[in-house]
Amino acid sequence: MKERIQELIKDYKKTLLNGGKRVEIYKWDAILHFQDNWDPRAQDFHKMLQEALAKRENLLFQNTFGFLTKLGENFPNKLKNLLDCIYKEQDEFYTVYSNSRALADEYIVDLRKILNKENLNHQLDERAISFFLTLRNPEKYYLYKADVYNTICDYLDREKEKKIGYKYKDFENIGDQFEAIIELDTELVSLYSEQIPDKVKFNSNKLIFQDIIYNVLVIDKSNSDFKTYMSRLFVDIKEDLESEEHPLAKHRWLDHNSKNYRLVSILPNTESIDVLELHYELYRYSKGICFEIHPEGTIEQQDRLKGFIRGFQKNNPDYKLVSWTSGNDKATSVKRDYKKIVPNSKITYSLKENDYEETKNKLAAQFKRLYSDFNEPLLKHIQMRNVESRNLKNNFIDWYINNTNSKYFDNEASKIDDYLSKNLALFSKNIFIVSIDNYREMIALIETTINENKAKFLKNHGAKDSGKLAAIVGKNNYQKFLLEYFKANKSSYVIEDNNQNNSLTINQILYGPPGTGKTYTLQNEYFKEYTVNETNLTRQQFLDQMISDLTWWQVLSMAVLDLGKVQANEILSHEVIQTKAKLSSSTNPRATVWGRLQAHTITECDNVNVSDRSEPRIFYKDENSNWSLIQKKLEEFYPEAISNLAKSKNFIADADKKIKNYEFVTFHQSFSYEDFVEGIKPVMEDGERDLGYEIQDGVFKKLCQRAKVDPDNNYAIFIDEINRGNVSAIFGELITLIEKDKRAGGTNELEVQLPYSKDKFSVPANLHIYGTMNTADRSVEALDTALRRRFTFKELMPNPSLLSDIQFDGFTLEEVLKTINERIEVLVDRDHTIGHSYFLSIDSGDAEALSTVFQNKIIPLLQEYFYHDYEKMALILGAGFVEQKKNNEVKFASFGNLDIPPIDTQLVLKDAIDNIEEAILLLLNKSDNQEVTKE
């Protein structure tokens, strides 16, 4: 191992000596700047930390920094507690890691709630913890990066540590061996000392260790040719644009010396939109190259642009939205919730000189076209976004007087105005100066201020005004007003988010006679609106979709498989467990995880005090409370765990795979609330003899859970034959919740407690409900009144014109269907007409197929309609299908004084139709043998 380390150091020194590389000075600059500005006793701790981290560059994930920023803005004391936890003197890195993550896990819940952002994550991982520790003590700690660790392990043929949280320790062990050699290499120390800032007084050997691996093994690995190629293209295209005096030449062009990408600012002046928030990107794929548009930045910046980006793509079909990964390599990548804009066609390239000029010219043309398409709507969006904040106090007071039952200050506007003005000083900002960009932050500020000053706001904490102010600015009044105001006035501020298809109706029933294509319409027109390509999914959406179909023990097995020997707390924080908890109806995921682990523990394990265990029994708990998997059991009961875990960690979208954001069910007399929402269902584990019972979620509740965690996409449940079930019993209390304004986020949002699980439940706004009903079974008027009031109805009637091209000798099927339905409407009603779909499969001239449809479809349907009243059937079908049967030879039995009925003849269906075309002509009154009907 020592020889391999010395070889690596030799290569590093060679490049330093030849001037081919420079030490990555920004790491030293970040440490020096932090140490100059760090002051744990600062009055404004959040502001101090922001400044101390100002030179962090790419050493800290943007997600982590964004989390700390939001935590400081909303809970400054919690931010300080978190940093105190990280910097508390402790022996083991893992102790710092686990304690700080546990605290961050607790704080992220509060932050998600106050910001109303379920997808917010702290990403306080080993890299982030090592970064903070190194800032304080670079002589004790190493800067850990996953790709650097994996690369050095591969180089040294060393087995990698698999357990999350313990990888840094192994990295540290490797670093200590490097450091011992670096210390003795005076030439190397002299070389790097010449490059690092003079202010540096600390021993830099630990930083140089990471610098050696990153530069020699990570960056240099087969990148030089592509780097040169990308830089040449970038510079030449810019020069061409300058010669044309194209506006793009005035933008900022940033050459990051990468083999894959180069950046161009989205605007010449980056004050309106920072480069990190949105930029053009020259991006090289393995088989193509193009200019794209990448949205990045903080979560707030993402939210500001998300609707605009989707709207642009919808109006410009030459481009597509593609899920993307930030970071320069897979090991350090972070999957985002937004999309980049990519042209549908990329430009092929090669490193051959003969191809260069053509590739460059095509790229320049593509870039100019992208700019032309994107720049004008972007400027319009910015103009709308930058509308000045408005003082909404008077608007609110008017709303308050007209919309509440409260009688504070006798609802006199002037008194309410005076009261609010006097109490504004309690808030750090004027809460009535609000814009589209900050109104949610203002709501968060109000909540934070109330929670941190309960004695001044809340009645039960002794507030002098008995809680008036908290009530007036609280969720049911001022905060509700803000939500309603900016929703109603959204068009005056920003371009509408076009992600939701406004042509889709939330609750709709397709109704009509049988055979009119109701189910066909769902399958061929509606399903596609709720189907997405896997390429449109973020990694988290892919996880949601995969894990929604798995049981708790299956998800637990994936987590333990990934973590190795692990304690229950670590299992709980694994992303697959967090995802399952989010999708589950469990109100206490910790208890659920603990209970499922014990229930599925092997019988031979004495460290679990549970006698009633379930199959499959695949877990083991040792005397130190570490959980592990029994590999053979896993391979027997859930072999897919390995592949599913790999897919979850290395999500690569399959362009050909479709993801269904819908469910299809058929109602019938036995379909119940327990099938649809939730209920107690019998269960019997494999190998068990006793029957057990558990609360299981129904199809609708499961789909609601999926829709709730994916608000950017629409979901739907399709209910075939909705009128055949007992709708009131199946929907239960949900019949109220499905109304548009009663759904989650609606103006009159309602939440109910479900009867079995006791879960709080509401229906998300992005879940649509569609039904079909056959009017021959039941008319719309006969439906439950509550159901009719909550659905819109779309009638699908027979369309004979669809059959105009299906021709036979002397007639078309359009004529046949039209004639039959005219007669049915007279004899019954239009709800019992016959649909065109029965005839669509017939080819012109195919008499056999026509005969089969009449014998197997049309005639049985008419028999059902007319209850075997063959006189009416004869009026509809004619003598080709119905005949007279003579009964004068029938001998009845004598029975007392009963008279024999005078039935000499009766009408019956013909046993066989020898000539279907002739029969149809008779039906249409076109046959030369029409006199047959006059007997």
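Q: In this predicted model, which residue lies over the face of Phe75?
A: The ring centre of Phe75 has a residue at 4.4 Å, placed over the face of the ring. A charge counts as sitting over a ring only within 6 Å of its centre. The residue over Phe75 is Lys78.

Q: Which residue lies over the face of Tyr283?
A: The distance to the ring centre of Tyr283 is 4.6 Å. The residue at that distance, over the face of the ring, is Lys340.

Q: Are the rings of Tyr149 and Phe171 stacked or edge-to-face?
A: The structure holds 56 aromatic pairs. In the pair of Tyr149 and Phe171, the ring centres are 6.3 Å apart and the planes stand at 80°. Planes over 60 degrees apart count as edge-to-face, so the pair of Tyr149 and Phe171 is edge-to-face.

Q: How many residues apart are Tyr149 and Phe171?
A: Tyr149 belongs to helix α8 (residues 146-155), while Phe171 belongs to helix α9 (residues 167-184). Their pair links distant parts of the chain, and the two are 22 residues apart.

Q: Is Tyr149 buried or exposed?
A: The relative accessible area of Tyr149 is 1%. Buried means under 20%, so Tyr149 is buried.

Q: Which residues of β2 point the other way from Tyr261, Leu263 and Ser265?
A: In a regular strand, side chains alternate between the two faces of the sheet. Strand β2 covers residues 261-265, and Tyr261, Leu263 and Ser265 point one way from it. The residues pointing the other way are Arg262 and Val264.

Q: What is the bridge partner of Leu263 in β3?
A: β2 and strand β3 (residues 278-284) pair in the antiparallel sense over five bridges. In β3, the partner of Leu263 is Glu281.

How values were computed
Residues are numbered from 1 along each chain as its sequence is written. This is a predicted model: local features need pLDDT of at least 70, side-chain atom pairs count only at pLDDT 80 or more; totals for chains, interfaces and linings use all residues. Side-chain values use heavy atoms; hydrogens and water are left out. Buried means under 20% relative accessible area, exposed over 50%, partly exposed in between (1.4 Å probe, protein chains only). Helices (H or I, at least four residues) and strands (E, at least two) are DSSP runs, numbered from the N terminus. Two strands pair if DSSP finds at least two bridges between them. Rings of Phe, Tyr and Trp (its six-membered ring) pair if their centres lie within 6.5 Å; planes under 30 degrees apart count as stacked, over 60 as edge-to-face and the rest as tilted. A charge sits over a ring if NZ of Lys or CZ of Arg is within 6 Å of the ring centre and within 35 degrees of the ring normal.
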